[in-house]
Amino acid sequence: MIHLKMNKPSPKSLYIHIPFCAHICKYCDFTKLIYNEEFAKKYVDVLLYELDSYHIGKVDTIYVGGGTPTSLKDSDLKRILLALKPHLNDGGEFTVEANVENLDANKLDIFKECGVNRISIGVESTSDKMLQSINRHHTFKDAVSVVSLTKEKGFDNINVDLIYGLPGQSLEDLKTDLDNILSLDVPHISIYSLIVEKGSMFFNMGIKEQDENTSREFYELIVSKLREAGYERYEISNFAKNKRYSRHNLTYWKDEEYYGLGLGASGYLNKVRYKNTSSLKKYLAKEFIDTKEEVTPTSEMEDYLLTNLRLEKGFKKEDFKKRFGVDFEMKFKEVITSLNKNSLFSISKDSIMLSDEGLILLDFVLVKLYEYC
Amino acid sequence: MEIDQKYIRNFSIIAHIDHGKSTLADRILELTETISKREMKDQILDSMDLERERGITIKLNAVTLKYHAKDGHDYMFNLIDTPGHVDFSYEVSRSLAACEGCLLVVDATQGVEAQTLANVYLAVDNNLEIIPIINKVDLPSAMPELVKDEIEKRIGISCANACEVSAKTGQGVDEVLEMVVRDIPAPNGDYNAPLQALIFDSYYDSYRGVIILVRIKNGSVKVGDTIRLMAANHDYLVTEVGIRTPKELKKNELSAGEVGYIAAQIKDIKDVFPGETVTLATNPAKEALPGYKRMNPMVFCGLYPVDSKKYLDLKDALEKLSLNDASLTFEAETSQALGFGFRCGFLGLLHMDVVQERLEREYGLDLILTAPSVIYHVYLTKGEMIELDNPSKLPDLTTIREIQEPFVKASIMTPKEYVGPVMDLCQKKRGIYIDLEYFDDTRMIISYELPLSEIVYNFFDKLKSYTKGYASFDYEYSGYHAGNLSKMDILLNGEPIDALSTIVYRGNAYERGSIVVRKLKEIIPRQQFEVPVQAAINGKVIARADIKAVRKDVLAKCYGGDITRKRKLLEKQKEGKKRMKAIGSVEVPQEAFMTVLSIDDEE
């Protein structure tokens with residue numbers, strides 16, 4: 001158990017992990033289990049116990065992710081959301097992730113009742129053939145009706161997820177996907193290139209990721225099409241209209257602390273990054289935390305750059321100096337000079353950010369910065 | 001006070017690599033109760049981490065033991081460990097010169113190997129009493145009788161009294177100790193003669209200066225004496241003498257027959273070299289002891305600090321290392337690509353490897369090594385001859401009449417079923433056939449003259465894979481022969497990189513060139529622009545590969561839980577970068593400079 005130090009401001013964000021899914025998607029490497037009613041009920045009991053144990057006051061953002069939170073039956077889902085509700089500040093953001101196949105009117109009513117005000121829907125692809133091939137049990141038509149039902153129920157802060165670079169996808173397919181996604185008219189879109197992670201079915205099947213040139217071409221199309229449609233790419237893979245950013249995810253991207261609860265969840269408290277156990281057995285026995293790692297001045301700076309430079313607006317010079325006691329431009333003078341020959345940075349009077357090219361080569365840039373952290 | 005030499009035995013253990021030399025030394029240490037079981041680390045004489053990790057002995061190491069023999073007397077044993085690899089035969093001869101006898105360990109499952117022979121000859125040269133020890137007799141595949149027969153027939157040493165032991169279990173080791181007492185002659189120095197002590201090793205201690213390890217042949221030395229290093233003709237005041245058990249144990253005096261250490265505030269490392277004789281300034285010996293035959297380094301490479309600010313640290317470290325590694329030579333050199341560094345000479349590749357690792361571990365240096373080279377004799381049209389140890393320094397082609405390269409005479413012992421493949425390999429390596437003879441019923445000795453550069457290149461690895469590891473190998477320098485040789489340059493982004501130049505045999509230059517550029521393409525990380533890699537001979541490009549520019553390099557997703565994982569991924573890349581050297585606008589990893597070596601020419 002990690003206890004807060006008295007004089008520290010407590011985290012403003014809370015993440016809750018629901019590991020259950022009706023089906024396992026082939027690309028997924030998150031902590032997930034096939035839904036089982038008995039275990040799910042026990043899980044919720046223990047999750048509520050874990051929540052209590054943290055003595056969390058009020059937070060600005062709550063995010064219930066998975067797995068598939070909507071795979072839970074209504075009563076279990078409601079128990080969790082009701083327990084979370086009192087922890088949300090006025091004007092706070094309360095997001096629940098949902099899968100097209102099990103988001104229905106009843107669940108949306110429960111969300112409303114519990115104060116949920118943002119829904120993140122996993123659409124992933126708009127090609128039915130592709131959806132089938134990644135083991136998603138819904139069609140794009142289902143997605144269209146779920147999104148409109150969500151809107152009808154009074155939710156206007158909606159995100160949809162899309163994956164590109166799936167095996168066999170062409171640039172034309174991507175264009176169609178983008179047109180279809182835009183037709184949903186939601187304020188937030190997350191688009192990720194397929195990463196074949198260890199632990200996913202794709203990895204075990206030997207599926208390869210797109211080559212760099214194709215991936216870049218796809219990415220450039222995405223950015224230009226979404227910008228044209230009025231979306232701002234505020235983070236490498238995230239697009240928002242009218243500044244309806246994911247406030248919760250911005251906590252991560254600004255490298256701020258947060259609570260993480262549930263099976264396999266990660267948290268960041270009092271300069272300690274921790275990860276909960278991924279073993280359901282241990283979790284149910286209330287052995288929550290699996291690993292802890294105290295950040296060092298070096299790792300903290302590395303994490304800060306890794307996260308903040310993902311944002312199109314980067315970070316404020318002043319914030320960096322306040323947090324690390326050094327001037328970014330002084331500390332990284334040599335790297336900036338060498339990288340800026342190729343215009344990877346775009347430095348304004350107040351902020352440090354990467355250019356479009358820099359964002360696309362972020363890891364390349366980070367490795368160079370890390371040498372000086 | 002004079003020590004009765006009757007009760008001293010000075011001996012070494014010699015063996016082929018892996019025949020159990022260090023394990024036997026450990027058992028002896030245990031049985032003489034020099035080291036309690038509690039203190040016992042495996043292979044205690046292998047004091048370098050490197051030695052323990054690789055399971056090989058690199059440096060000789062001496063220890064004094066007390067043994068209570070069955071005749072009722074206490075004996076002082078000085079056991080001097082020796083390395084078993086061909087690269088280090090020089091170290092073996094150093095240990096042997098300090099002894100009266102040696103234990104010859106032969107693996108009962110393997111029999112006599114090429115290295116066994118080489119070491120035995122060294123012992124015979126030093127007039128040592130040799131006691132054969134048949135080790136690993138506890139293994140089911142042991143054939144002690146056959147092995148004894150082989151030793152008698154092939155080496156000519158009687159095995160009537162050979163000990164059968166298992167160093168692993170300790171079986172028979174007590175008998176070995178009795179044989180040491182009975183069969184190895186006691187030293188017979190003259191206590192009253194002027195001091196003559198042979199330096200066989202030394203190391204640096206930041207408080208006491210250079211500590212020298214000596215065998216006192218005649219006379220004695222005590223604290224307060226003024227000693228003289230005879231070749232250097234420098235005098236020093238002795239501050240401490242003692243023996244190593246293996247912990248240092250101070251004594252008042254070391255006298256004839258003993259092995260021990262002397263500290264005399266010797267600050268100038270260059271004064272001390274193995275084979276030097278120590279005497280007393282007040283009553284000097286008339287002549288020095290016969291020193292060692294100096295071993296000339298055979299393999300050279302450039303050694304550069306990754307961080308050019310560390311040049312002086314590297315110099316300091318090389319000086320200290322060479323103190324107890326007499327066969328390591330170094331000389332300042334400059335490379336356009338790598339800056340200031342040293343051209344270093346080694347006995348062989350393993351030696352080179354070991355020096356690199358010691359410099360990195362013991363002195364915390366990050367190094368770049370260039371591809372190893374041998375010494376070429378370059379005859380100029382004007383009649384002059386240049387000894388070339390750095391390929392990039394090859395003079396202009398029009399001024400060269402002929403290039404000669406060093407050859408070695410290699411003896412390869414192999415089971416007869418591999419004779420075909422081994423000869424095949426030797427032919428491929430431009431070998432000149434000398435002889436083929438039966439060693440025993442199942443094994444043959446193949447003799448070839450081979451270019452040393454081919455041995456350096458990948459001969460060992462090839463030999464191992466051609467014979468499933470059954471062949472053993474020894475070589476000695478044989479002379480220079482002219483060859484059809486050229487300098488191959490490697491160009492990065494159009495610029496020749498001097499540190500990557502090598503001398504190649506024209507017959508396979510194209511092949512080697514294309515493999516090198518392909519390898520470099522794999523190793524050199526992509527940059528933001530395309531980088532062509534070319535191999536050229538006499539300005540003519542013979543091979544090319546292009547390192548594609550990096551187009552997209554970003555993690556798709558980054559949420560809370562991912563951060564540590566992604567950071568670790570990036571840190572790994574960062575670690576890799578530490579060993580990179582920026583050459584022009586291209587960052588080149590350390591291993592790139594060795595690619596010319598590590599490539600397989602039969603891909």
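Two residues count as in contact here if their C-beta atoms, placed from the backbone, lie within 7 Å. With that in mind, select the two sides of the interface: 22 residues of chain B are in contact with 38 residues of chain A. On the chain B side, these divide into eight nonpolar, five polar and nine charged residues, where Ala, Val, Leu, Ile, Met, Phe, Trp, Tyr, Cys and Pro count as nonpolar, Asp, Glu, Lys and Arg as charged, and the others, Gly among them, as polar.

This is a predicted model, in which local features need pLDDT of at least 70 and side-chain atom pairs count only at pLDDT 80 or more, while totals for chains, interfaces and linings use all residues. Residues are numbered from 1 along each chain as its sequence is written, and chains are lettered from A and ligands numbered from 1 in the order in which they are written. The model scores ipTM 0.84 and pTM 0.65.

Next, colour chain B by pLDDT, the predictor's confidence in each residue, from 0 to 100. The mean for chain B is 85, and 90% of its residues reach 70 or more; over residues 56-60 of chain B, however, pLDDT stays under 50, and the model has 29 contacts beyond four places in sequence for this stretch.

Stay in chain B and select B:Cys102, B:Leu104 and B:Ile133, which touch the most other members of the largest nonpolar core, a set of 163 residues. Such a core consists of buried Ala, Val, Leu, Ile, Met, Phe, Trp, Tyr and Cys residues joined through C-beta atoms within 7 Å, buried meaning that 20 or more other C-beta atoms lie within 10 Å of a residue's own. Helix H10 (residues 452-466) of chain B gives the most to this core, with seven residues. Around B:Cys102, not counting residues up to four places away in sequence, the residues touched include B:Phe11, B:Ile14, B:Leu96 and B:Ile130.

Now move to the sheet of chain A, an open one of nine strands in the order E9-E10-E8-E7-E6-E5-E4-E1-E11, with mixed pairing; helices (H or I, at least four residues) and strands (E, at least two) are DSSP runs, numbered from the N terminus, and two strands pair if DSSP finds at least two bridges between them. Strands E9 (232-235) and E11 (259-261) of chain A stand at the edges, each with a single partner strand, so one side of each is left without a neighbour in the sheet.

Finally, select strands E5 (residues 88-99) and E6 (residues 118-124) of chain A, which run parallel and are joined by five bridges, with A:Glu97 opposite A:Ser120 in E6(A).

Note on methods. A residue is buried if 20 or more other C-beta atoms lie within 10 Å of its own, exposed if 12 or fewer, and partly exposed in between; C-beta atoms are placed from the backbone.
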